[in-house]
Amino acid sequence: MVPQQASIVSKLFEHPFDLVKVRLQSQPLDRPLRFKGPLDCMIQTFKGEGLRGLWRGVSMPVGGAMAENATLFVVYNQSQSLLRHYFPHPVHDDPTQSAPLSIPQIATAAAIAGSAASFVLTPVELVKCKMQVQNIVAADALLASGSSPTTIPSNQKPPGPVAITRTILKESGIKGLWLGQTGTFLRETGGSAAWFTTFEVLSTFFAQRRTNRGETSQVNPGGGPVTKGDLAAWELMLSGASAGVVYNCVLFPADCIKSTIQTEDELRGTALKPGEKRRGFLQVGKDIYRARGIKGLYSGCGLTALRAAPSSALIFYIYSRLESIFG
């Protein structure tokens, strides 16, 4: 199991980049772009909200990190066990070692884990995204009233996660917490398959390269081929970093559409009227594409991939080390 401390540290490190990504993704389609790009968004946020503004909404992903990783890695390991049971490796003769899985089997186990984790993540990300755009809404209100939108007055404190959750439950019921679930489900199912598979492919490549050079395992008492537990830190972290980049790029448009759906009410200034139907996942995607082209569906992708690399490297490094120790 990935240590929760590693997950929390990675969330704290990633959050300013995540905030910029969400704000870039959530810019209303019927208005001129507020931000020219990631750097401009970060500068405007810092000038208007200070350093703390870059961590607006961080309590939600930090709080949800434990549930997210517990679900992801537990379901991933259990899915692997089920696949080994129902599809045993025909040439596996060592009962002391787990049977190896094929790449399609790894991808399947990871996709199952990602789909399960999506149901934990959606409520967390919904509240987080709403918090991340609150000050933009407040600045627009000040501008409309003729005041300077540069700095939000300290006495106009936006609602916190508990208040936002209560509002969602009051207006939409319990199902309202899963607004944007389609986007999260697609991102996590495909993204997790790509995440774990990329790591396994690269780490296996490094292990096989060492075996081909004549090295033997130092962590297994009987020696044998080099395993992930024998790899150097840089090999594990490079594999993990690459996995993080692939995870974020493979289905990024789904995440972009999800963020737009989850922040739409705040940014347009009104909630749905009675009987009014919310735009669906595909309709939002079409609207973004029509307004801003394919570039709009990948808004913030480069920054997201950049921030994912070090945190994913850390998670997989610790996970692999613990896996080699405890099995």
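Predicted model: local features only at pLDDT ≥ 70, side-chain atom pairs only at ≥ 80, totals over all residues.

Analyst: Residues are numbered from 1 along each chain as its sequence is written, and side-chain values use heavy atoms, with hydrogens and water left out.

User: Are H4 and H9 parallel, antiparallel, perpendicular or oblique to each other?

Analyst: Helices are DSSP runs (H or I, at least four residues) numbered from the N terminus. The axes of helix H4 (residues 103–132) and helix H9 (residues 252–268) come within 9 Å and cross at roughly 55 degrees. Angles under 35 degrees count as roughly parallel, over 145 as roughly antiparallel, 65 to 115 as roughly perpendicular and the rest as oblique. H4 is therefore, relative to H9, oblique.

User: How do H7 and H8 run relative to each other?

Analyst: Axes are lines fitted to C-alpha atoms, for helices over the stretch in contact, and angles run from 0 to 180 degrees between N-to-C directions. Between H7 and helix H8 (residues 233–250) the angle is about 155 degrees, and their axes are 8 Å apart. The two helices, H7 and H8, are therefore roughly antiparallel.

User: Is Glu235 buried or exposed?

Analyst: Buried means under 20% relative accessible area, exposed over 50%, and partly exposed in between (1.4 Å probe, protein chains only). Glu235 forms a salt bridge with Arg209, with the closest N and O atoms 3.7 Å apart. Arg209 has 32% relative accessibility, so it counts as partly exposed. Glu235 has a relative accessible area of 1%, so it is buried.

User: What is the relative accessibility of Arg210?

Analyst: The side chains of Arg210 and Glu215 meet in a salt bridge of 3.2 Å, N to O. Glu215 is partly exposed, with a relative accessible area of 30%. Arg210 counts as buried because its relative accessibility is 15%.

User: How many salt bridges does a search of the whole structure find?

Analyst: Some of the charged residues are linked in a network of salt bridges, including Glu14, Asp18, Lys128, Arg187 and Arg307. Lys21 and Asp255 also belong to this network. For the whole structure, the number of salt bridges found is 21.

User: How far apart are the C-alpha atoms of Ala116 and Phe185?

Analyst: Ala116 is in helix H4 and counts as partly exposed at 26% relative accessibility. Along the chain, Ala116 and Phe185 are 69 residues apart. Their C-alpha atoms are separated by 8.4 Å.

User: What accessible area does the nonpolar patch with Ile174 have together?

Analyst: Patches are made of residues with over 30% relative accessible area and no salt bridge, with like charges joined within 9 Å and nonpolar side chains (Val, Leu, Ile, Met, Phe, Trp, Tyr) within 5 Å. Ile174, in the loop between helix H6 (161–172) and helix H7 (181–212), is exposed at a relative accessible area of 56%. Accessible areas come from the Shrake-Rupley method with a 1.4 Å probe, and for residues only the protein chains shown count as cover. Phe119, Leu169, Ile174, Trp178, Phe185 and Leu186 form the surface patch, and together their accessible area is about 540 Å².

Note on methods
Salt bridge = Lys/Arg side-chain N within 4 Å of Asp/Glu carboxyl O.
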